[in-house]
Amino acid sequence: MPPAPLPRPAEFDDPSIPEIETTDVPLCPLCGAGHFHTFAEGYDYELQTSRNKWRFVECDACSHVWLNPRPAISTLGIIYPTTYYAYNYSTKINPIAVKAKEMLDIAKMKAILAHLKRAPKSFLDVGCGDGRFLKVMEKKGVSRDRDYGLELDEAVLEPLKKQGYQVACERVEDSTLVPDGSLDLVTMFHVIEHVDDPGPVIRKLAKWMAPGGVLAIETPNLDALDQRLFHDSYWGGYHIPRHWNLYTAATLARQLKDAGLEPVETMYQTGHSFWMYSMHHWMRFEGNPHPRLAKLFDPIGSLGFLAGFTLWDKLRGLFGFRTSAVLMLARKPENT
Ligand SMILES: [Zn+2]
Ligand SMILES: [Zn+2]
């Protein structure tokens with residue numbers, strides 16, 4: 001049954017919120033097929049940067065999910081305002097949460113390195129932010145002249161450049177930062193769902209990787225309980241309209257195999273902020289809104305709940321549930 005038409009929440013009637021230019025994506029970015037159906041619809045509940053109603057579609061052939069239409073490239077400055085939280089994470093979120101995140105990051109890297117069958121000598125982090133993973137890998141023996149980072153926020157790169165890390169403000173598709181066949185480990189956490197065309201990005205990374213090298217890629221997981229509960233519109237993992245391609249473990253594996261990589265491990269990660277954003281959007285925008293109640297679930301500043309939801313997902317992960325983010329490791333075959 002097709003979902004009922006979704007009325008625009010009153011907050012979006014504010015005349016200062018623009019209707020922005022869009023681009024149709026008529027072919028499945030994963031398999032190229034041209035038949036799809038509506039998967040979910042919604043608005044920019046998180047940042048209210050546009051008044052457009054956005055739609056995710058699901059491919060009839062391969063079940064891949066993508067935003068169609070998506071914002072035009074010319075609107076990136078609107079949908080990613082300068083205050084976009086990913087870029088100033090550590091200053092806006094409580095210091096205890098930052099410390100907890102740091103410990104989770106180190107544990108994550110340890111789990112990834114267990115699958116690399118040698119000591120890493122070169123490393124690339126796509127979307128490296130302030131370089132926290134570059135520093136983790138330096139401690140693991142990667143020298144700064146082979147410790148690479150790509151990041152679209154120029155300001156955070158300056159100090160890293162001065163310290164001798166190999167960083168550039170470029171997209172993977174356009175970059176010549178890394179020699180072909182050289183990387184032991186590449187990480188790309190919560191980036192692939194934002195890019196225009198994931199196929200060429202993964203192929204470029206595969207070209208940069210050394211034989212036997214590993215790519216670790218993390219992205220929201222469509223096959224999760226919170227996604228099912230908030231499927232129609234409010235799931236935090238939709239991050240409308242900034243997430244353009246959404247995956248399950250199956251479609252992500254296909255994306256990696258298409259680039260000649262072999263998936264070797266699938267891990268599920270906590271998606272605490274997806275639970276909180278889902279609750280927040282639902283309370284703030286559904287029917288009679290409850291803005292004050294919703295505020296409690298805003299992950300920025302609501303430390304108690306953030307910790308609670310992180311623990312909740314961590315426990316569910318321990319018991320083998322597929323939680324809201326999937327982390328997949330893929331190896332470049334030795335004989336290439
Ligand atoms: Zn498809
Ligand atoms: Zn994202």
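Q: Great. What kind of model is it?

A: It is a predicted model.

Q: And how many helices and strands does the protein have?

A: There are 11 helices and 13 strands. The protein has 336 residues, of which 51% count as buried. Its exposed surface comes to about 15400 Å², with carbon and sulfur atoms supplying 58% of that.

Q: What share of the contacts comes from residues 24 or more positions apart?

A: Taking contacts with a separation of 6 or more, residues 24 or more positions apart account for 73%.

Q: On to metals. Which residues coordinate the zinc ion (ligand 1)?

A: Cys28, Cys31, Cys59 and Cys62 do, each through SG, at 2.3 Å. Along the chain these donors follow the spacing C-x2-C-x27-C-x2-C.

Q: Why is the arrangement around that zinc ion (ligand 1) called tetrahedral?

A: Because the four donor atoms subtend angles of 105 to 113°. For four donors, the label needs all angles to lie between 85 and 135 degrees.

Q: Is Cys28 buried or exposed?

A: Cys28 is buried, at 3% relative accessibility. Cys31 is partly exposed, with a relative accessible area of 28%.

Q: Now the other one: what coordinates the zinc ion (ligand 2)?

A: Glu193 (OE), His194 (NE2) and His243 (NE2), at 2.1 to 2.4 Å. The spacing of these donors along the chain is E-H-x48-H.

Q: Where do the two histidines, His194 and His243, lie?

A: His194 is in the loop between E9 and H6, while His243 is in the loop between helix H7 (225-229) and strand E11 (245-246), so the pair ties together parts that are 49 residues apart in sequence. His194 is buried, with a relative accessible area of 18%, and His243 is buried at 3%.

Q: Switching to the inside. How many residues are in the largest nonpolar core?

A: It has 31 residues, and those with the most contacts inside it are Leu124, Met188, Ile202, Leu205 and Leu256. Among the elements that give two or more residues to this core are strand E6 (123-126), strand E9 (183-189), helix H6 (198-208) and helix H8 (249-258). H6 gives the most, with five residues.

Q: You mentioned Leu205. What is Leu205 in contact with?

A: Leaving aside neighbours within four places in sequence, Leu205 is in contact with Leu124, Val126, Val172, Val186, Met188 and Leu215. There is also a second, separate core of 24 residues, including Leu67, Leu222, Phe285 and Ala294.

Q: Good. How many salt bridges does the structure hold?

A: It holds 14 salt bridges. One of these joins the side chains of Arg284 and Glu11, at 2.8 Å from N to O. Arg284 lies in helix H9 (residues 272-285) and Glu11 in the segment before strand E1 (22-23), so this pair ties together parts that are 273 residues apart in sequence. Glu11 counts as partly exposed, at 35% relative accessibility.

Q: Last topic, the backbone. Where is the cis peptide bond to Pro69?

A: That cis bond joins Asn68 and Pro69, with omega about -5°. Pro69 is in the loop between strand E4 (65-67) and strand E5 (70-71). The peptide bond from Ile240 to Pro241 is cis too, with omega near -5°, and Pro241 sits in the loop between H7 and E11.

Q: And what is phi for Gln48?

A: Phi of Gln48 is near 50°, a positive value in a residue other than glycine. Gln48 lies in the loop between strand E2 (36-42) and strand E3 (54-59), and is buried, with a relative accessible area of 19%. His190 also has a positive phi, near 55°, and is found in the loop between E9 and H6.

Key:
Residues numbered from 1 in each chain as written. Chains lettered and ligands numbered in written order. Predicted model: local features only at pLDDT ≥ 70, side-chain atom pairs only at ≥ 80, totals over all residues. Heavy atoms only, no water. Donors = N, O, S within 2.8 Å, 3.2 Å for Na, K, Ca; no water. Tetrahedral: all angles 85-135°; square planar, octahedral: opposite > 155°, others 65-115°. Buried < 20%, exposed > 50% of the residue type's maximum accessible area, 1.4 Å probe, protein only. Helix = DSSP H or I, 4+ residues; strand = E, 2+ residues; numbered from the N terminus. Contact = heavy atoms within 4.5 Å. Areas by Shrake-Rupley, 256 points an atom, 1.4 Å probe, with all protein chains shown as cover. Core = buried A, V, L, I, M, F, W, Y, C linked by side-chain atoms within 4.5 Å. Salt bridge = Lys/Arg side-chain N within 4 Å of Asp/Glu carboxyl O.
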